[in-house]
Amino acid sequence: MGEYLNPGNDGFETIINGIYVDKTGLIDYINSTVNTPLKLTCFSRPRRFGKSFAAKMLCAYYDRSCDSRSLFEGLEISGKPSFEKNLNQYDVIYLDITWFISRSGIRGQNLVSDLQSAVIRNLREVFPDYVHEDETFLPDALLSAAGKTGRKFIVIIDEWDALFREKKNDISLQKDYIQLLRGLFKGGATTDKMIAAAYMTGILPIKKYGTESALTDFREYTMTRPGRLAEYVGFTEDEVQRLCADSRMDFDDMRTWYDGYSFSRIRHVYSPNSVMNALQEGEILNYWTQTETFESLKEYIGMDYDGLKEAVIDMLGGNPVGVKISTFQNDMTSFNNQNDVLTLLIHLGYLAYDSKSRQVRIPNLEVAEAFEDAVTTGEWGMIGEAITQSEHLLEATLHQDEEAVADALELIHGSVSSVQQYNNEASLSCAVTIAYYTAKRFYSIVRELPAGKGFADLTFIPRRGVDKPAMIVELKYDQDADTAIRQIHENRYDGALKDYIGHLLLVGINYDKNLKGANTKKHSCLIEKV
């Protein structure tokens, strides 16, 4: 076993010795591509979504230097017809690019040549008669070894895009790296002679130059198009339900905090690292901030592109936002508009993308708190202040301080709405949702909940274990708060809470642009306890 050639199965053994969710079905897919025109796979997803776990699993399965049969017994792959055919049958090249960058230190400018030299040294130890002392180009070394022995390689690259993230301004180094990858994977018949299959994983999709991928022969699976690999992006709902049952954790809380990524094939995908931390610690908390600094989020949402700030405000207010993903160049620097920034945030895991509606949204409570941190510490002025003060607004509402609620909403509505958008109920709904932003920690907030004879504008349902009353909020524009309360009663919106036992607050909010003929933009509030 070596650092880069045939690394063994210790990594995967360590993984399955803990709480393990069986994702070995991915192996069956990769097996179906071995020695076929589809043998090159790139599967990207955010940090802490199990990328390295999958890479170590594949190493353990294919590596001919070890016997991994016992590690896979009882797992999904062991029941597949392809299991026996490929188990421990290949020489594996395993590259962790992030680890290699950190190891290289100040020698980063020579990273690509250093990487090749390191792998070639390992190859020379195993194939001393076929890999020459003066060889410096890795593809030539692999071709020589495979051509003389008839043993093709499986190449597994973890964090393949680390150079584009950590050396994002070193264009020369990036081009050298792409040339290396092209030498390995874009050689046509040459690649076929030495590569049985390749699996790359990282955060970003493969770099594009203009409209074309730098590595056109790869089949890509991403956070915008996971295709048949969607169930391997994160944990599925069935998997999380089983984990919660085994650990006696509250599934509803787990769903609120860590669900939210949705694809056409799999409608509920959970953040794996957060779920595992919650299980190990026995507590539902925000584990995102332990692995992802909000500084990067603050940087991206603060970029000066037309429409970006308005899009973020809409999402903070609970609305999905349209996005065009096709112009993104799959790097950290080539931004031309708000669509590029939003697309990057999809790949970083900060936004969930719906391919049918082509819209993005903030996926769950954990990520919502990351946005809260970014906005309240960034240059977002009154919007950040509104979120900061939202706990006080909630307390004012619970204490039925109608005047304080109306005054606060008036300030917040003005701060989150542009002049063109100010005078409509949708804008008021967005403002109210932002005004009660931190209430998400205590309530499930449902917009347009079917109830009685219509839809309740906003329904606040207390989370399990929260000792606060439920709330139904009805919004009106150029009418009055009395009308809002009356509509709740007449349309029996409280029917939406038929299974709820406890106090209920009915909150009527009205925005009147021209109170008594003056352009006052006045808000009023009535709160009734039942």
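Colleague: How much space lies in the second largest pocket?
Modeller: This is a predicted model. The lining of the second largest pocket takes in 39 residues, with Phe49, Gly50, Lys51, Ser52 and Phe53 nearest the centre. The space in this pocket is about 840 Å³.

Colleague: Which element gives the most to the lining of the second largest pocket?
Modeller: Helix H1 (10-16), helix H3 (51-62), helix H9 (162-166) and helix H14 (272-281) each give two or more residues to that lining. By class, the lining has 17 nonpolar, 11 polar and 11 charged residues. With 6 residues, the element that gives the most is H3.

Colleague: Which element gives the most to the lining of the largest pocket?
Modeller: The largest pocket holds about 980 Å³ of space and is lined by 32 residues, with Thr256, Ile362, Pro363, Asn364 and Ile445 nearest its centre. At least two lining residues come from each of helix H13 (251-258), helix H18 (365-377), E13 and strand E14 (454-462). The top contributor, with 5 residues, is E13.

Colleague: Which strands are the edge strands of the open sheet of 5 strands?
Modeller: The strand order is E13-E14-E15-E16-E17, with mixed pairing. Strands that pair on one side only sit at the edges, and these are E13 (443-451) and E17 (522-529).

Colleague: In E17, what is the bridge partner of glycine 508?
Modeller: Strand E16 (residues 504-512) and E17 run antiparallel and are joined by 8 bridges. Within E17, glycine 508 is bridged to leucine 526.

Colleague: What angle does the direction of helix H21 make with that of E17?
Modeller: Helix H21 (residues 402-416) packs on the sheet and touches both E16 and E17. Its direction and that of E17 make an angle of about 140°.

Technical notes:
Residues are numbered from 1 along each chain as its sequence is written. This is a predicted model: local features need pLDDT of at least 70, side-chain atom pairs count only at pLDDT 80 or more; totals for chains, interfaces and linings use all residues. Side-chain values use heavy atoms; hydrogens and water are left out. Two strands pair if DSSP finds at least two bridges between them. Helices (H or I, at least four residues) and strands (E, at least two) are DSSP runs, numbered from the N terminus. Contact means heavy atoms within 4.5 Å. Axes are lines fitted to C-alpha atoms, for helices over the stretch in contact, and angles run from 0 to 180 degrees between N-to-C directions. On a 1 Å grid over the protein atoms alone, a cavity is a set of points where a 1.4 Å probe fits but cannot get out, and a pocket is an open set with protein on both sides within 12 Å along at least five of seven lines; lining residues have an atom within 4 Å of a point. Grid points are joined across faces, edges and corners, and a volume is the space filled by probe spheres set on the points. Ala, Val, Leu, Ile, Met, Phe, Trp, Tyr, Cys and Pro count as nonpolar, Asp, Glu, Lys and Arg as charged, and the others, Gly among them, as polar.
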